[in-house]
Structures are given as structure tokens and as C-alpha cells.
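Work through the exercises below with the sequence and the model open beside you. Try each task before reading its solution.

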Amino acid sequence: ESIDFPSRLPPAAMASMLSCAAPCSVHARSAFGARHNRSRHPGRAFPGRANHVTPVCAATAFAAPFVAGVDKALARELVAWLTVEKGLPYEASSQVSFGENGVATLVSDARAGEPLIAIPQNLCVTAVDVQDSPIVAGLALGRGELIGLALWLCHERAKGALSEWAPYVVTLPSAGDDHPLKWTEAELLKLLQGSPIKNEAVSRAADAKAEFAAIRQMIAGDTKSYPQEAYEFLTEVSFIDALSVVVARAQWLNAANVYAMVPLVDLLPIVGAPPPGVSPKLAAGGEAAGKTGLSKAAGIVDYDAATECVTVTCANEARQTVPVVAIDSLGRNCSDLFLATGVVDQTHVGDFLVMTASTVNTDKLFDAKRQILEGMGMSADSQAFPVFADRMPLQMLAYLRFARVKEPSELMTVSFEEDRIVSPMNEYEVLQLLMGDAREFLGEYENSSEEFELLQLKEKGLSSRAYTAARVRLQEKKLMNATTNAVRRRLAPIRGIPTKQGMEDPNADLLEIFDAIENLPNKPKQMYAEFKKWARGDYEEKNR
């Protein structure tokens, strides 16, 4: 349930959230369209540390994608291959056991901060391994890291048992038919109608096919460098499937600033990260959060330069046999995780939506406001804010208050650090604008009510894609409805203020104007309903 006065996030934490507020548009570009010119590091799988490290916390679990084809035998054969043939120390993964369908569980109790898995960098697959492959290196040159990893996986799959990585590749089965990259454009437009990820989903699917077409054109245009018979394995079906698996399973390593395919680690389900400032202990769920049930072992995955290993570090106290999960290091929301994994994390403890706000460019104070906002690292034209279910978007509220002040003397009364009202008139206008944006957001769906999806999920014979899309939309609606309820509670004491004459609205004129604006979308429906009544003759008695 929404609350009006949450504990505020520190400025650095909020800046971090804003930097990942729209991960689908940022990270998808680096996945499919960005052109990286990473220098090669012979004998080293990871480049140096990045300056920026996104904070992550523990989260709760959901089913791992694309491991249904990984049985206990395959998982244990992978462990044996890593330890016997590749020299992985036994203790590097002895704390985690892999059972049926590749499900990972703790072998013994774990403490917060304890390493659960440590995989040396030479056993991980990165862009460097792609560059070392004579077959796919040229094709991957200048393309996104995930495209290169998909080409590598296609080639290694085609080698079969002859592949050096065969014991690992068999734990990367087909993504199945329901990954969003495999949906048709018509399905994406229909099933994700109203969802803020609809256009991004269409764009990603189109980009994946465009990348493949460009690669095939490159092969056809230089048969000397790329003999046709050597690339028969590279079909559109095999490429899209490999890309789906890589997008779902690749780990983003903040400390190394690189994507990596990490044996054993990529068998762990990826779960949503809580927002900055939330205690990992509370986010782990179960008894650690004061609830019934055991807490899962939530692992933070990153590169450790000291040991030159990709490590999974337990973020909370966890007991023997509980499932082990990996926290999303990109800080994506539920919808963006769905685009990557094809799975809807309904227990995402830090789920959020992104809303934008802007100043009025015809405002006489526009130039002054723009200078102040830019000095704070914000944009006067379009500023994105993450909106969570359990709190008012206070940073967005402060921005809107600032954008709507009318007098120069009021500019400095707006606080971005405290939840402070400028004036009743300003607050009323801001809350009405926020309410209007929320209603406009919900109006994009086929039906704005959550009941629509709840009933759809109960339908018999519903396709798996329609079912998954309904869960995505339901999750988004819950977030926006929670924000709407919080705004309503704030509006209540402003709309009606006790006076000597009783409950009167000091903003009655404004209220009438805003109510008229809010009801504009319903006018065509009302007119059509009135027309049907007239056609049926409902008004004949009145006319007589």
C-alpha cells in the first residue's frame, strides 16, 4: 500500500536510480546497436575497473529462465568439468548444490558477506573470447557485446561435442518460443498495449532481425573472408535463439564494466534489486524481513579484481537448503527484466515505473528555473523520475512544485531535500497534474482496471504469451494505482477545508476546471451512449 511519508533517499542514491530509470532504452542500445571498440587484453578476460559501480541489494526469488532443460546430471557434469579439467578449486562452488532443473540451493548455512561461488576469469566468456574466435571475430567487430556473445554461442552450439566449451554450452539450452524477441510485432503491439515497454519490445525484436540481416549481408559480400560453407550454422532462427539466451543469462559485472557468460552463476535466477537505501536484510524476504518462511540466499554478482574471479557474495543470513538467487546488477524494473528474461518477477522488491516531468517554456521564470535545475543536474525540458509502489514520488513532487511557482520570491522556497509545501494553490495544481498524468498512463491500456487482467489470467485456454503479458500489465497497473491512491490522500485535505460556513473548497473554481479537463477523455463515450439512447427512442417520452 502506498504511504505518503517514506524515508527519503540520499541524493547519491537518487542519482543512481535516475541513471537506471529507463534501463530498457539504455542497455538495449548497448546490447543490440552500440558500437564498442574495446581494446584487447591478451590473456585477460576483463578490462580494468569502471569508475561507477551501481549499488545492489538482496531480493526475493522467482523461477529461473531457460534452465528447464538442464537436469541434475548436466549441472553436475559441468561442475566436474570445471574442477577436473579446468582446475576450478573445489571450495569455489562447494557452498552451492545444483539439483533438478538446475535449481541452486545452499549446502550449509551462509552468513552475510560470505562468498558462495567464485569462478576464475579464464573460465568466463566475454567479448575477448569472441575476438579470439577466427570464425565470429570479424562479424562481431564493432557490434554490441551481447551480439558478439550470441554469435559465439551459435558457433559453439554448431560444434557440438567437439566444442571446447561443450559441457558448458549444454547448460545453455534453447530459450523456447516465448521469449519476447520471438514474438511477432502484431503480438507485441496487441498484448503489450498501453505498457511503457511496448515500443521498446518492438524495437528490440526488429533490431535483432536487422543485426542478423546485416551480418548475413556482410558474409555474402566477402566470400573470401567468410566462405559460405563455414557459416551454414548461422541461420536467423539459431541467431535469435542464441541472442535470447545470452540476453537472459549474461551477467553485467559493474566492477569490470563488461558482460560475461559465467558457468554455474548463470544458472541462478536473476531477481529484481531493491531501490537504493533499502536494507538487504529486509529485501531478502522471509524471517529476515519479519515475515513467515525462510529467507532465500540473495547473491551479489560482480568481478573481484583481487582474486580475478567473478564472485557471488551472499547479501543476507541464509539457512541450509534455501534457494540461491542472483540480484540484477542493472537495477531494472519488472517490465525490463521481462524483456530480457521472458519471466515476470511479481515479487520484485524494488519495482518501479518511470514518469517524466518538465517546466513550462512560456513561463516568464523559465530561464531562471532552467539554470537552477541544470545546476542540480536535472533537465528543464524532460526529467525522468522512478515511481515506486510504497512511497510518494517526492523528488518528482518537488520538481513539479518548482516548475509551477509563479513568483520569483517563491523559487527559493521549494525544497528538494524536504517534503515542504510552497502554497495550497501550488500544491493543488501540482497534485492535479500528477493525478492527470497517472490517469493518462492508465488510459493507454485496453482497460485501466486491474480487474481486467485478473479475470484474463483466470481464462481457460489462454496462450502462454497472453498470460505473461497480462502479468506484466497487472504489475504496471498496481504501481500506478498505488501512486494514484497516494496522490488522492494528499488532495483530500486540500480540496475540503473547514470554515465557519462548513466544509468549503477554497479552490472550487480550479477544481471545476481540472474536473472538466480530467473528464475530457470520457466525453466521446458519453456522446456515443447518448446517441444510442436517442436511437432507441429513450427520449421520445420527454420530447412529447
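The model is predicted, and local features need pLDDT of at least 70, side-chain atom pairs count only at pLDDT 80 or more, while totals for chains, interfaces and linings use all residues. Residues are numbered from 1 along each chain as its sequence is written, and side-chain values use heavy atoms, with hydrogens and water left out.

**Exercise 1. The whole protein**

Task: State how many helices and strands there are in the protein, and what percentage of its residues count as buried.

Solution: Begin with the elements, for which helices (H or I, at least four residues) and strands (E, at least two) are DSSP runs, numbered from the N terminus. The protein has 20 helices and 13 strands. Next comes burial, where buried means under 20% relative accessible area, exposed over 50%, and partly exposed in between, with a 1.4 Å probe and protein chains only. Of the 544 residues, 51% count as buried. Finally, with contact meaning heavy atoms within 4.5 Å, take the contacts between residues at least 6 apart in sequence: 73% of them join residues at least 24 apart.

**Exercise 2. The nonpolar cores**

Task: Find which residues touch the most other members of the largest nonpolar core.

Solution: A nonpolar core is a set of buried Ala, Val, Leu, Ile, Met, Phe, Trp, Tyr and Cys residues joined through side-chain atoms within 4.5 Å. The largest one has 79 residues, and Leu116, Leu234 and Phe239 are those that touch the most other members. Helix α6 (residues 145-159) gives the most to this core, namely eight residues. If neighbours within four places in sequence are left aside, the contacts of Leu116 include Ala92, Val96, Leu106, Ala297, Val312 and Val324. Another core, of 38 residues, lies apart from it, and Phe366, Val387, Ala486 and Val487 are among its members.

**Exercise 3. Helices α14 and α15**

Task: Describe how α14 and α15 pack, giving the angle and the distance between their axes.

Solution: Two packed helices are described by the angle between their axes and the distance between the axes. The axes are lines fitted to C-alpha atoms, for helices over the stretch in contact, and angles run from 0 to 180 degrees between N-to-C directions. Helix α14 (residues 394-404) and helix α15 (residues 424-443) pack at about 120°, and their axes are 9 Å apart. Angles under 35 degrees count as roughly parallel, over 145 as roughly antiparallel, 65 to 115 as roughly perpendicular and the rest as oblique; α14 and α15 are therefore oblique to each other. On the α14 side, Met396, Leu397, Leu400, Arg401 and Arg404 take part, and they meet residues of α15 that include Asn426, Glu427, Val430 and Leu434. The contact of α14 with α15 holds seven nonpolar, one polar and four charged residues, where Ala, Val, Leu, Ile, Met, Phe, Trp, Tyr, Cys and Pro count as nonpolar, Asp, Glu, Lys and Arg as charged, and the others, Gly among them, as polar.

**Exercise 4. Helices α9 and α10**

Task: Decide how α9 is oriented to α10, and say which residues make the contact.

Solution: Helix α9 (residues 198-221) and helix α10 (residues 236-249) pack at an angle of about 130°, with 10 Å between their axes. That angle makes α9 oblique to α10. From α9 come Ala208, Lys209, Phe212 and Ile215, while α10 brings Glu236, Phe239, Ile240 and Leu243. By class, the contact of α9 with α10 has six nonpolar, no polar and two charged residues.

**Exercise 5. Charged residues and burial**

Task: Are Glu427, Glu453 and Lys477 buried or exposed?

Solution: Glu427, which lies in α15, counts as buried because its relative accessibility is 1%. Setting aside residues up to four places away in sequence, Glu427 touches Leu397, Arg401, Ile421, Arg490 and Ile494. Glu453 sits in helix α16 (residues 450-457) and is buried, with a relative accessible area of 1%. Lys477, in helix α17, is buried too, at 0% relative accessible area. Among the residues that Lys477 touches are Leu442, Tyr445, Glu450 and Glu453. Lys477 and Ser195 are 282 residues apart in sequence, yet 9.1 Å apart in space, C-alpha to C-alpha.
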